[in-house]
Every structure is written in structure tokens, then in C-alpha cells.
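Me: Can you walk me through this one? I have the sequence and the model open.

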Amino acid sequence: QLESSEITKFVNPFHDGIVEYVFEDGRTITATTDHPLWVWNKEGWASYDPGRAAKMGIFTYQIEVGDECLYLNDEKQNRLKITEIKPKEEGFAISFL
């Protein structure tokens, strides 16, 4: 169950490795460069920076435009194709009460 909470502050910068994935239906995901996504056509986890993920003990393939990622909707498995990958300069951490 989701609960609402008040944001008390932003911490800047929290991460210097941020990437935004744009999908064929217009959805976006903003994540750290080492954050893995399940990629159907690679039959495994993939990230923007596999080397950084490996330092954390996670093996990932290189994620690329055209990869089809797992998307869950109403507990059904769907595939969404990545149409664009946008590296970002920095990200923020959010603190809650």
C-alpha cells in the first residue's frame, strides 16, 4: 500500500551517474547508471554502466537503444522498447519525515 509523505529536503548532488531511459510509449525511468533493468532480448539484467554495476557485485549486459525491457502492468508482463537513453549530470536524494 502506498503512503504519502512530505519531502523535507533535497540533497544535491547525491549521485553523479544518472541516466534517463525513454520508452516507445513515452514513459521514462530515471536511474543510476549501474541500476539494472531486465532486458528480454538479452535474457538478463542490463545497465548503462556494467563496469560500475560489477563493482557492486552485479553482472549486467550493456543496455542499448532498441532493447526490450520488462514492464509490469496489473501483474501482467509486458515489453517496452527503449527509444532513447539520456545521460544526466547529477541526481538528487529525497529525505522524508
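Reply: First, the ground rules. This is a predicted model, so local features need pLDDT of at least 70 and side-chain atom pairs count only at pLDDT 80 or more, while totals for chains, interfaces and linings use all residues. Residues are numbered from 1 along each chain as its sequence is written, and side-chain values use heavy atoms, with hydrogens and water left out.

Me: How many helices and strands does the protein have?

Reply: One helix and nine strands. Both are DSSP runs numbered from the N terminus: helices are H or I with at least four residues, strands are E with at least two. From the N terminus the order is β-β-β-β-β-α-β-β-β-β.

Me: What share of the residues is buried?

Reply: Of the 97 residues, 31% count as buried. Buried means under 20% relative accessible area, exposed over 50%, partly exposed in between (1.4 Å probe, protein chains only).

Me: And contacts between residues 24 or more positions apart, what share do they make up?

Reply: They account for 51% of the contacts with a separation of 6 or more. A contact means heavy atoms within 4.5 Å.

Me: Switching topic. What lines the largest pocket?

Reply: F23, R27, T28, I29, L37, W38, C69, L70, Y71, L72 and L80. On a 1 Å grid over the protein atoms alone, a pocket is an open set of points where a 1.4 Å probe fits, with protein on both sides within 12 Å along at least five of seven lines; lining residues have an atom within 4 Å of a point.

Me: How much space is in there?

Reply: About 200 Å³. That volume is the space filled by probe spheres set on the points, with grid points joined across faces, edges and corners.

Me: Which strand gives the most to the lining?

Reply: β7, with four residues. β3 (28–32), β4 (37–39) and β7 (68–73) each supply at least two.

Me: Now the backbone. What is the phi of E43?

Reply: Positive, about 50°, although E43 is not a glycine. Most residues other than glycine have a negative phi. E43 lies in the loop between β4 and β5 (44–47).

Me: Is E43 buried or exposed?

Reply: Exposed, with a relative accessible area of 69%.

Me: How many salt bridges are there?

Reply: Six. The rule is a side-chain nitrogen of Lys or Arg within 4 Å of a carboxyl oxygen of Asp or Glu.

Me: Where do K86 and E20 sit in the chain?

Reply: Their side chains meet in a salt bridge at 3.7 Å, N to O. K86 is in strand β8 (residues 76–88) and E20 in strand β2 (residues 18–23), 66 residues apart. K86 is partly exposed at 31%, whereas E20 is buried at 13%.

Me: What about K42 and E64?

Reply: Also a salt bridge, at 3.0 Å, N to O. K42 is in the loop between β4 and β5, and E64 is in the loop between β6 (61–62) and β7, 22 residues apart. K42 is buried at 18% relative accessible area; E64 is partly exposed at 43%.
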